[in-house]
Amino acid sequence: MSIDERVLFLVDADNVSLDIIERALALKQKEHGAVHVRRCYCSAEFAQKNLAFFKEHSMRAMVNATAGKNCTDIALAVDAVQLCATSVPLVVVIVASDSDFAPLVVHLRELGCRVEGVGQEGKTGAESPRAYDAFVDLPVARKRTTRAAPVKSRDVDEDEPALAPAPARRAAAAPASAPTTRRAAELPDDVARWLDALPELASGRKVELNVAAEALRREGLLSKSGASTKLFRKYPDSFELAAGKQPNWVRYRG
């Protein structure tokens with residue numbers, strides 16, 4: 001079987017964020033000079049939502065019409081074997097934190113492929129990196145909070161009466177018992193990332209748990225089998241779950 005110069009870049013979108021995919025591609029382009037085959041295995045909803053991302057990075061969205069467990073993993077594995085059936089690529093890169101790909105990695109190595117992996121820090125199991133010829137975990141980049149620019153002081157006429165600073169006037173007008181909203185800087189890192197992924201939740205509106213879970217999975221903040229209720233219950237002061245023992249919506253308390 002001949003060796004060709006292709007570099008394959010195959011992504012399991014179920015368990016890594018867009019940020020990880022983008023940085024993994026940049027890393028492999030730097031290491032290998034070119035990435036010839038770029039495929040991302042995902043749902044139709046994920047592909048539609050991130051169409052601009054795929055166009056920007058010349059990446060094919062390999063849409064899975066079936067939504068069952070491990071369907072994305074199986075589609076990626078079948079494609080990888082077919083791509084290596086006639087000639088062995090120089091390198092196969094698998095972007096995933098899922099340890100289920102270990103048998104695929106072993107099979108591709110036996111064909112003569114060099115197989116490299118990229119995972120998302122905090123989600124990769126300890127056994128995953130051992131199967132690959134090389135493996136790197138990338139941390140999720142923190143989203144920056146936009147701060148308002150400081151207001152420049154204007155020139156004051158000497159005959160014009162001085163006004164109290166705006167914060168002082170607000171503090172005087174507010175009742176002594178009024179609750180104060182926590183600043184974003186005081187939020188735990190987890191909570192800040194969840195609110196970034198769910199703007200409608202940050203606004204204080206109720207959000208259905210299945211909608212919240214899907215958004216968190218797209219950003220790589222919740223695993224495929226993880227329960228969103230377990231995440232939100234870590235911070236009962238920040239999130240309200242209703243109703244009963246099997247809640248179906250969540251609200252940010254602020």
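**View 1. Lining of the largest cavity in the predicted model.** The lining residues of the largest cavity divide into 6 nonpolar, 2 polar and 1 charged; Ala, Val, Leu, Ile, Met, Phe, Trp, Tyr, Cys and Pro count as nonpolar, Asp, Glu, Lys and Arg as charged, and the others, Gly among them, as polar. The lining comprises Ala-96, Asp-98, Ser-99, Phe-101, Ala-102, Ser-128, Ala-131, Tyr-132 and Phe-135. A cavity is a set of points on a 1 Å grid over the protein atoms alone where a 1.4 Å probe fits but cannot get out, and lining residues have an atom within 4 Å of a point. The structure holds 1 cavity of 30 Å³ or more, and the largest cavity has about 30 Å³ of space.

This is a predicted model in which local features need pLDDT of at least 70 and side-chain atom pairs count only at pLDDT 80 or more, while totals for chains, interfaces and linings use all residues. Residues are numbered from 1 along each chain as its sequence is written, and side-chain values use heavy atoms, with hydrogens and water left out.

**View 2. The open sheet.** The order of the 6 strands is S3-S2-S1-S4-S5-S6, with parallel pairing. Strands are DSSP runs (E, at least two residues), and two of them pair if DSSP finds at least two bridges between them. Strand S3 (60–63) and strand S6 (134–138) are the edge strands, each pairing on one side only.

**View 3. Strands S1 and S4.** Strand S1 (residues 7–12) runs parallel to strand S4 (residues 91–95), joined by 5 bridges. Val-91 in S4 is the bridge partner of Val-7.

View 4. Gly-33 sits in the loop between helix H1 (18–32) and strand S2 (37–42); helices are DSSP runs of H or I, at least four residues. Gly-33 counts as exposed because its relative accessibility is 63%, the cut-off for exposed being over 50% (1.4 Å probe, protein chains only). From C-alpha to C-alpha, Gly-33 and Val-7 are 9.4 Å apart in space, and they are 26 residues apart in sequence.

Conventions. Buried means under 20% relative accessible area, exposed over 50%, partly exposed in between (1.4 Å probe, protein chains only). On a 1 Å grid over the protein atoms alone, a cavity is a set of points where a 1.4 Å probe fits but cannot get out, and a pocket is an open set with protein on both sides within 12 Å along at least five of seven lines; lining residues have an atom within 4 Å of a point. Grid points are joined across faces, edges and corners, and a volume is the space filled by probe spheres set on the points.
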